[in-house]
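Here's a friendly walk through one structure, meant for someone opening it for the first time. Keep the picture at hand and look up each residue as it comes along.

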Amino acid sequence: MRLTRRAALSAAAATLAVPTILPRNAIAQQRPSELRLGISTFLSGPSSVFGVPGRNAADLLIEQLNASGGIGGVPIRSVVIDEAPGVDFLLGECRRLAQNEGVDVMLASISSGSCLAVAPLAEQLRLPTILWDCGTQRIFEENSFRYAVRTQANAVPEIVAPLLYLLRARPEFSTLAVVNQDYAWGRDSWAIWKGAMDAIKPGVRVVAELFPRFGATDFSTEITRLQALRPDVIFSTSWGGELDTFIRQAAERRLFERSTFVLPLAESSLERVGKTLPPGVIVGARGDHWFLHPTARDTELLKNFTEAYRRRFNLYPIYPTFHMAQALYGLKAGYEKAIAANGGRWPSREQLMDTMRGLEFRHLTGTMKIRDDGQGLEPMLVGVTRHVDSYPFPVLDQMILYPPELVMNPTGTKGVEWVRLLTPAAVRRAPAPIAWRA
Amino acid sequence: MTLLLLLAILDGLAYAALVFMVAVGLTLVFGVLRVLNIAHGSFFAIGAYVAATLGTAAAATAAAPALALPVLLLAAVLVGGALGPVVEKLLLSRIYVKDHVLQLLVTFALFMVLEDVQKLIWGVQPIFQDAAVKALGPVEVGDIVYTRYQLFLLPGVAAVTLIGLMWFLRRTLTGRVIVAVTHDREAATAMGIDAQRVYLLTFTFGTMLAALGGALASPTTSLVPGIGVNMIVLSFAVVATAGLGQIEGAALTALLIGLGRSVAVYFAPEFEVVIPYIIMVVVLLVRPYGIFGSPELRRV
């Protein structure tokens, strides 16, 4: 075949045009000059109490990762977007990041509603997405996603573990009241708790189901009602400013003296409410993390992170910071494993996501595994508050690390149905508590 | 049952007092200036943040318990005195003659700006300062523990504000001048009244009332981004139900909403969230101008 001048020019033009025409992922095997990371989190509104610590953790860890060579030798550049304006806005922003900003990986989001919408979009865009903080168990139960994984547990173990702890610590209780925020998380977490409680300890009388408005600033009426009802146990999955307010108002009115409180998200409020929160309250941490984690507190990794975070932000890290760390450590481990499996070449998006499933990686407080359906598995830390001299806020005592096989429903089952099959044996199978040490 | 009703009334009174303190400023400003001020929610929030900041500073002094309550009033005066005149002179005075939609947009824009200012100054972490509640201590009704702050101080301040405002508007020269401008600005101006000054005074006072509402709320709640939004929505419901510009109506509506909400928590918790709006819809269906409103000109 003769090579004409016209054919040669056409071939040269086509060669030059290919990189601009083809989507970025089609040439992803070439090592990029930077890894562009989109992060969606709450930067405004009440949920920014979690969103900003998450963003702060990302800033700090990305700096540290870049200082040590980035991921696979590629530096990370993050683009942070606010998910507060709502799902439609978030989806538009994700599209913009993927199509205009050339983002390689997305870390989304805090709101469960956001994650339920972003995961299908990730499939459309073929955009690797790590769900870094949202809790709804429905995402991987109701759908199968190739381009989305979650580097944390979900609502099922986050609620079942504190229930098992309560049943071990105070098995004789017979009445209970719930005070949850009136939105999806408040309702869903109550459904999980109620289903599991009825299965393990049938006959507990629920004396009040109170769902104050999301964003409520006053719980006086609810507290008066609870004082009159005198339930043995008060359960609340509230968080942020609302949980702080509920704790303060309950303490001022001595409600803690009358009932045992179970607060699965209160780890994130300990520093703020200080010793207003009395000893003896059952507290969860939404996973296997706390800056004084019973088995990891002396590791250099956790100590260095806590010190660096505290030095920079003048606060102790709370669970969203650990969730962000898990996402970034998971992403790094996933890329490194995929690069190794790819003979040292940069992996395609599909190779990365295939590697993420089944991945085991170390993070600040332990080891996490991502299941084949994309769901992360981690132990659940639950403890009881105790006042000590060394901290101006309560610490956790008698901590139990509930293994995922005890509190997480297996692949292919639905969490709200699985909890109804729990038996009292689950309470007895828990590991031994670990006492606080100074 | 009787005890439960008594408890519900006590809770409802405290809540109504807080709602009234914010709504009364909003209705006063609308009654006189005819501007529906969405930034009123921001003045509430800033009042709360300033009160918490002053409270924290006071808590570090030797006279902490004695200062716990005065700093709440000081916060309201500072916020009202600093923000009220500036906003009125630089912003509102330019849009009095403009369409109501534009006025809403301008005050909404101000609201958004002030929301970001709050985040810049105080951050996004919840802030709590309850020295005032602790200074007054708890009190028992039967075997139910209340705080004196909630049971006595909040309703007391609201009652004093209502009575004082009514006395001021009806018995003092300045109050009567405000009422005159409200009735007919042109006629009042023709008789030598400086309407601009009345607007400035009223808006500053309305801002102070919003800030006082925030300051009074601050010892009982965590201050987080967005608290102004929640309060302004509820205040609009109160003002619309009462009749725009109706101070006594705002008091009665706040009482209805407070009692309705607490009775709902006791007997039908599912309705707690919607009670204020059910009351508003029912009232507006029967009386489209609100409980105390009328198509006539009198608005204060």
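This is a predicted model: local features need pLDDT of at least 70, side-chain atom pairs count only at pLDDT 80 or more; totals for chains, interfaces and linings use all residues.

## A buried glutamate

A polar contact is a pair of N or O atoms within 3.5 Å; within protein, one of them must be able to donate a hydrogen and the other to accept it. The side chain of Glu378(A) comes to 3.0 Å from the backbone nitrogen of Ala153(A). That side chain also reaches the backbone nitrogen of Asp288(A), at 3.1 Å.

Where does Glu378(A) sit in chain A? Look in the loop between β13 (376-377) and β14 (380-386). Glu378(A) is buried and yet has no salt bridge. Its nearest side chain of opposite charge belongs to Arg286(A), 7.7 Å away. Setting aside neighbours within four places in sequence, Glu378(A) touches a list of residues including Gln152(A), Ala153(A), Arg286(A), Gly287(A), Asp288(A), His289(A) and His323(A). Gln326(A), Met368(A) and Pro404(A) are also among its contacts.

## Salt bridges in chain A

Across the whole structure, a search turns up 27 salt bridges over all chains. One of them joins the side chains of Glu350(A) and Arg126(A), at 2.6 Å from N to O. Glu350(A) lies in helix α13 (residues 349-356) of chain A and Arg126(A) in the loop between α4 and β4, so this pair ties together parts that are 224 residues apart in sequence.

Being four residues apart in helix α7 (residues 184-200) of chain A, they are separated by about one helical turn. Asp198(A) is partly exposed at 32% relative accessibility, and Lys194(A) is partly exposed at 26%. Elsewhere, salt bridges that share partners join Glu34(A), Arg36(A) and Arg77(A) into one network.

## The disulfide

A disulfide is a covalent bond between the sulfur atoms of two cysteines. How many disulfides are there over all chains? The count comes to one. Cys115(A) and Cys134(A) form it, with their sulfur atoms 2.1 Å apart. The torsion about the S-S bond is about -95 degrees, so this disulfide is left-handed. Cys115(A) lies in helix α4 (residues 112-125) of chain A and Cys134(A) in the loop between β4 (129-131) and α5 (138-142), so the bond ties together parts that are 19 residues apart in sequence.

Cys115(A) is buried, with a relative accessible area of 0%, and Cys134(A) counts as buried at 0% too. Then there's Cys94(A), which is in no disulfide; its nearest cysteine sulfur, that of Cys115(A), is 9.8 Å away. Cys94(A) is also buried, with a relative accessible area of 2%.

## Where chain B meets chain A

The size of an interface is often given as the accessible area lost when the parts come together. Between chain B and chain A, the buried area is about 3,100 Å², and carbon and sulfur atoms give 52% of that. The contact takes in 35 residues from chain B and 38 residues from chain A.

Now for the polar side of things. Between chain B and chain A there are 17 residue pairs in polar contact and three salt bridges. One of these salt bridges is formed by Asp143(B) with Arg230(A), the closest N and O atoms being 3.0 Å apart. On the side of chain B that touches chain A, at least two residues each come from α1 (2-33), β1 (138-141), β2 (144-147), α11 (227-242) and α12 (247-267) of chain B.

Conventions
Residues are numbered from 1 along each chain as its sequence is written. Chains are lettered from A and ligands numbered from 1 in the order in which they are written. Side-chain values use heavy atoms; hydrogens and water are left out. A disulfide is a pair of cysteine sulfur atoms within 2.5 Å. Buried means under 20% relative accessible area, exposed over 50%, partly exposed in between (1.4 Å probe, protein chains only). Lys and Arg count as positive and Asp and Glu as negative; His and the chain ends are not counted. A salt bridge is a side-chain nitrogen of Lys or Arg within 4 Å of a carboxyl oxygen of Asp or Glu. Contact means heavy atoms within 4.5 Å. Buried area is the accessible area (1.4 Å probe) that two parts lose on being put together, summed over both.
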